[in-house]
Amino acid sequence: MIKHRIATLFVSTTDRCNLACRYCSAAAGPARKAALAPEIAERAVCQWLSDLEGNRATLVMTGGEPILWGLENLERVCRVATTEAGRRSIDLTIGIQSNGVLVDDDFINLLQRWRIEPGFSLDGPAHVHDVRRGNGAATLAVLKRLQARAVRFAIVSCLTPELANEIEDALEWFRRQGFLKIRVNPIGEATRVRRSERLSPDTLFNVKKAIYEHMQRHQEGAVHERNVGRQVKKFDQAFRGRTVVKEHCEQLKCGAGVHLACLDPDGSFNLCVEKSMRGGLGRAASLDRLPRARQEFWRNKKRWSHCSSCPANAICDHGCVAYHKMDFCKFEHECAANRMFWKYLVAERAPSLTRTHG
Ligand code: SF4
Ligand code: SF4
């Protein structure tokens, strides 16, 4: 038996979705049919946990819309994962990523029964969210129900042009709603996004700055945005001369296939949940064949040599290889914004870090 270090397993339950967002990185939609056979999911999850080196694991059920896979199937996977983790003394976290529209009481009961930590897609208040995704009011009503039942959840927002335009107001709105744990993801080169819709480096930088200022202003009561929060933490570590811990995505060769992997609806494994990565390479029939798939995937990829001398390297995520296919030009706006943000943090934080730790 070959041990692995894949501490995070995404289970892509189905390609079906009740929505058809143009920027969906999973290219899911109502017309898609692929669905994972539940017995394959159970077997794969069991094997993943039994061969895991280490005692912490995260299982994330995603899609498409996982609710369309069926609550019984979700229940089966939770049961087998919890049982196997218990047998092996593994500290298991179960997550689920949903657009929230189809949530009902049965689903909320399932979340509570298995202590699932859900994440829901919401791109801002309804007038912002609805431009690209729709169903904003319904999603908000669901999130209020979850709050009333004391279910803790995270929000995942796509950085649409509309959200970027109103980022300060949107953060205040999230705060007033009590949605304090969010992640704002750049749209990247997802399949159905037009090039003309890409945000400029200045806009991307201004979004980071607005998020940073919001978190500084409200401190404990702020909306905590994960990406900027992580960049600030890494900046402080780098400035204090500590080793910056890079994880999963945030290294020149990301953690796809080493720290994380995805079980696809057809029962095969992929290096990462990002489906735009698919294209033959990076796919394996079983977990123990992933290292080889990773080698093949990286064989002809160019590395970004100029990054090694870039000061912003410490806070950079180097762009997702799935989104950017290692084409530097596709990441240049994010790269420029990262460098601007680094300079901004030097001006904002370095003086006080020098005083307290110099
Ligand atoms: S900011 Fe740009 S140049 Fe610097 S490390 Fe990131 S991708 Fe490389
Ligand atoms: S950088 Fe992209 S491909 Fe790599 S682990 Fe992160 S999301 Fe996956």
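Before the first selection, a word on angles: axes are lines fitted to C-alpha atoms, for helices over the stretch in contact, and angles run from 0 to 180 degrees between N-to-C directions. This is a predicted model, where local features need pLDDT of at least 70 and side-chain atom pairs count only at pLDDT 80 or more, while totals for chains, interfaces and linings use all residues. Residues are numbered from 1 along each chain as its sequence is written, and chains are lettered from A and ligands numbered from 1 in the order in which they are written. Helices (H or I, at least four residues) and strands (E, at least two) are DSSP runs, numbered from the N terminus.

**Stop one: two helices.** Select 71–87 (helix α2) and 105–113 (helix α3): they pack at about 0°, axes 11 Å apart. That makes α2 and α3 roughly parallel (angles under 35 degrees count as such). Now show L71, L74 and E75 of α2 with D106, F107 and L110 of α3, which make the contact (C-beta atoms, placed from the backbone, within 7 Å). By class, this contact has 4 nonpolar, no polar and 2 charged residues. Here Ala, Val, Leu, Ile, Met, Phe, Trp, Tyr, Cys and Pro count as nonpolar, Asp, Glu, Lys and Arg as charged, and the others, Gly among them, as polar.

**Stop two: the sheet.** Switch to cartoon and follow an open, mixed sheet of 10 strands in the order β7-β6-β5-β4-β3-β2-β1-β8-β9-β10. β7 (224–225) and β10 (283–284) are the edges; each has a single partner strand, so one side of each is left without a neighbour in the sheet. Two strands pair if DSSP finds at least two bridges between them. Zoom in on β5 (154–159) and β6 (181–186), which run parallel and are joined by 5 bridges. C158 stands opposite N185 in β6.

**Stop three: the ligands.** Which residues come nearest to ligand 1? Pick C307, C310, C316, C335 and N338, out of 11 around ligand 1 (C-beta atom, placed from the backbone, within 6 Å). The shell of ligand 1 has 6 nonpolar, 4 polar and 1 charged residues. For ligand 2, go to C249, C254, C272, C320 and A322, the nearest of 12. That shell splits into 9 nonpolar, 2 polar and 1 charged.

Terms used: Angles under 35 degrees count as roughly parallel, over 145 as roughly antiparallel, 65 to 115 as roughly perpendicular and the rest as oblique. Two residues are in contact if their C-beta atoms, placed from the backbone, lie within 7 Å.
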